Amino acid sequence: MKKISLYIICFILLCFILPALFTKNGKEVSAGTSEGNQNSANSSGETQNQTATSTIEKYNYNKYGTIKLLHKDTGQVEEVNLDDYLCNVVSAEMPADFELEALKAQAVVARTYTIYKVNNKKHDNADICDDSACCQAWISKANRLARWDENLRESNWNKIVEAVNSTQGLIITYNNEPINAFFHSNSGGTTEIPVNVWGGTGYPYLQTVETAGEEGYTQYASEVTLSQADLIEKLKQKYSDISIDFSNPEDIQIKEHTESGRVKTVKFGNHEISGVETRSIFGLRSTNFEITQENGNVKFTVKGYGHGVGMSQTGADSMAKQGSTYEDIIHHFYTNVEIKEVNSI
Ligand SMILES: [Zn+2]
C-alpha cells in the first residue's frame, strides 16, 4: 500500500509540479500586442500556435519602454511597448529572408531612430508615426503574416523577434547621444551625405561609404523612360516656362555630381534643377542616374533605391552574407559611433 502511495506521489510530481516549476523559470514575456499573440496564421494545433508566435522578452527600459505611435490613416494614437513595436517596424522595413545579422542591424537602427524621434518630436500628440515617408514604416502582425507564404510565417516571424530580442536595449550613439539613424534600401554602392539631400549639416556620423555586393539585388537597377512630350508635361507642372531644344543634345545634360557620384544638378533647357528635385518630378528611385536620349525618348538609368543616407539595407545584407556581424554593419555605415545600452546614457 505504501509503495502504491509513493508511486502516486511520484506520478503527481512528474506530471504536474515539475512542469509548473520549469514554466515559472522560463522566459518572462511582455504583455505584447494582443493582436499578434492571437493571430497565429497556423491554426492546426496548440503547440504550433505557441511556437509560431515568439514573443519579446521583457527588458526594463528606464525611459522609452512605451512609445506613442500615431496611425496616420485613422489618426489614432496607440501606446506600444518599444520592442514589440520594433518587430512591426523591422518586418515592414526589411525582407525577412535577409540575413539575421542584417535584421539585427535594422533592429538597432530602428530602435535608435525611434528614440531619436521621441527626443525630437515631429508630431504633437505622438512620438512617431507609421508612415515610412514621414517617420518609419510599420505593419500590423496580422497583415505581415498574411503577406508571407503560409509555410514561412512561423520561421519569418520568429527570426524578426530574435533580431529584436538579441539586441534589446542597444542603440547607436555619437558623443553619448542617440544618432539620427537614417537608412535606405540600396545605396547603389556608395552612400550619400545628408547635406546633398536635405541641406544643413551637423551629422558627422553620416559620411559617404562604399559597400560591395549591392548590385546583386533587385533594388539596384531601374529605368524610367519618357516621351519628349511627357518629359515636358512633368516639368511644366513646376516650371511653366520650360523650353527644351531636343535637337541639341546639350539641352538635357547632367551638370554636376555630388561627392558620392549622385546627380547634383541637371540642365533641362532653360532651367537647371537639382538631382533631388529631378528624382521627385520623374519618380526616380534615387539621384544616382544617367540620362540618354534615343528614338524621341528620354531615358533615366538609375542605380540604387532611396535617399542614400546612412545604412543601406541591401548593403547590410550583403555584408552579413560575407560574414559581418550587426556591429560591423553599423560601424561601417555610421562613422565613429558607439553601440551602447540606452539605459547607460
Ligand atoms: Zn511621422
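Two strands count as paired here if DSSP finds at least two bridges between them. With that in hand, welcome to this predicted model. Its chain folds into eleven helices and 14 strands, and three of those strands form an open sheet in the order 7-12-11, with antiparallel pairing. Of the 345 residues in the chain, 39% count as buried. Among contacts with a separation of 6 or more, 68% come from residues 24 or more positions apart.

- Strands of a sheet pair through backbone hydrogen bonds, and they can do so in a parallel or an antiparallel way.
- In the open sheet with the order 7-12-11, the pairing is antiparallel.
- The edges are strand 7 (221-227) and strand 11 (289-294), each of which pairs on one side only.
- From one strand to the next, the twist averages 20 degrees.
- Six bridges join strand 11 to strand 12 (residues 297-303) in the antiparallel sense.
- To find your place in this pairing, look for Gln293, which stands opposite Val298 of strand 12.
- Helix 8 (residues 228-236) lies across strand 7 and strand 12, and runs at about 95 degrees to strand 7.

**A hairpin to look at**

- Strand 9 (residues 263-268) and strand 10 (residues 271-274) run antiparallel and are joined by four bridges.
- Phe268 stands opposite His271, a residue of strand 10.
- Two residues lie between the strands of this hairpin, where Gly269 takes a positive phi near 55 degrees.

**Helix 5 and helix 7**

- Helix 5 (100-119) packs with helix 7 (residues 153-165) at an angle of about 55 degrees, and their axes are 8 Å apart.
- The crossing of helix 5 past helix 7 is right-handed.
- On the helix 5 side, the contact is made by Leu100, Leu103, Lys104 and Ala107, while helix 7 brings Lys159, Ile160, Glu162, Ala163 and Val164.
- Sorted by class, the contact of helix 5 with helix 7 has six nonpolar residues, three charged ones and no polar ones.

**Helix 10, an enclosed helix**

- Why is helix 10 (residues 313-321) described as largely enclosed by the rest of the structure? Eight of its nine residues are buried, so the rest of the structure largely encloses the helix.
- The buried residues of helix 10 are Gln313, Thr314, Gly315, Ala316, Asp317, Ser318, Met319 and Ala320.
- These buried residues pack against helix 5, strand 6 (183-184), strand 13 (311-312) and helix 11 (326-333).
- After helix 10 comes Gly323, which has a positive phi near 105 degrees.

**An exposed loop residue**

- Where does Asn176 sit? Asn176 is found in the loop between strand 4 (170-174) and strand 5 (177-178).
- Asn176 has 9 other C-beta atoms within 10 Å, and so counts as exposed, since the cut-off for that class is 12 or fewer.
- Although Asn176 and Glu338 are 162 residues apart along the chain, their C-alpha atoms are separated by 8.1 Å.

Conventions: Residues are numbered from 1 along each chain as its sequence is written. This is a predicted model: local features need pLDDT of at least 70, side-chain atom pairs count only at pLDDT 80 or more; totals for chains, interfaces and linings use all residues. A residue is buried if 20 or more other C-beta atoms lie within 10 Å of its own, exposed if 12 or fewer, and partly exposed in between; C-beta atoms are placed from the backbone. Two residues are in contact if their C-beta atoms, placed from the backbone, lie within 7 Å. Axes are lines fitted to C-alpha atoms, for helices over the stretch in contact, and angles run from 0 to 180 degrees between N-to-C directions. A crossing is left-handed if the near helix is turned anticlockwise from the far one by less than a right angle, and right-handed if clockwise. Ala, Val, Leu, Ile, Met, Phe, Trp, Tyr, Cys and Pro count as nonpolar, Asp, Glu, Lys and Arg as charged, and the others, Gly among them, as polar.
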